[in-house]
Amino acid sequence: MPSSPPHPESEARFTEAESLFGAGQLARSEVLYQQTAHEGPHAATACYRLGQISRRLGRASEAGVWLNQALVHNPRWPDAYHELALVCLATQKVTEAVTSLHKALEQEPSHLASRRLLADLTRSLGRWREAVRHYAELLPLQPTDPILFQ
């Protein structure tokens with residue numbers, strides 16, 4: 001059964017939430033995202049944004065719940081896996097962060113933020129061969145990045 005078109009009020013709330021989020025007004029956008037997070041065409045994005053907001057406001061466990069909900073809606077979303085990795089790192093769950101970054105890269109091998117974070121993370125863990133491989137895979141994606149040549 002096809003989904004029904006978004007209700008105009010829901011569409012307007014989501015559009016306003018995106019505008020507020022872009023302007024850094026997290027608290028105000030959070031309220032509007034919560035109103036669109038449970039159903040409709042913007043549910044996945046609303047859950048993702050709520051995860052971002054929660055992480056930025058230091059509510060890591062809540063952020064994880066929202067990001068996992070976004071991934072239920074769209075399990076092939078590399079940005080959501082990357083954001084979830086940041087939440088895992090904030091809560092000292094390094095193994096889970098590495099797993100989430102690998103999932104992001106499974107979806108999009110050229111996801112720069114995930115590739116960079118995974119390279120840096122594996123280097124900090126002393127997993128040198130893996131780190132070198134990830135840095136080597138970054139090189140063709142960012143051939144002029146001076147950080148890669150330090």
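Which residues are buried in α2? Some notes on that and the rest of the chain follow.

1. Ground rules. This is a predicted model, where local features need pLDDT of at least 70 and side-chain atom pairs count only at pLDDT 80 or more, while totals for chains, interfaces and linings use all residues. Numbering runs from 1 along each chain as its sequence is written, and side-chain values use heavy atoms, with hydrogens and water left out.

2. Overall build. You're looking at eight helices and zero strands, so the pattern along the sequence reads α-α-α-α-α-α-α-α (helices are DSSP runs of H or I, at least four residues; strands are runs of E, at least two; both are numbered from the N terminus). The C-alpha atoms fill a box of roughly 50 × 30 × 30 Å along the principal axes.

3. The opening question. In α2 the buried residues are L26, S29, E30, L32, Y33 and T36. Buried here means under 20% relative accessible area, with a 1.4 Å probe and protein chains only. As for the spacing, an α-helix has 3.6 residues a turn, so residues three or four places apart point the same way. The buried residues of α2 pack against α1, α3 and α4.

4. E30, worth a look. This glutamate sits in helix α2 (residues 26-36) and is buried, at a relative accessible area of 12%. Leaving aside residues up to four places away in sequence, E30 touches L50, I53, S54, L57, R59 and E62; contact means heavy atoms within 4.5 Å.

5. The main core. The largest nonpolar core has 26 residues, and Y33, A37, Y48, L71 and W77 touch the most other members. The elements giving two or more residues to this core are α1 (8-22), α2, α3 (43-56), α4 (60-73) and α5 (78-90). A nonpolar core is a set of buried Ala, Val, Leu, Ile, Met, Phe, Trp, Tyr and Cys residues joined through side-chain atoms within 4.5 Å.

6. Whole-chain numbers. Of the 150 residues, 41% count as buried. Among contacts between residues at least 6 apart in sequence, 40% join residues at least 24 apart.

Definitions and conventions. Buried means under 20% relative accessible area, exposed over 50%, partly exposed in between (1.4 Å probe, protein chains only).
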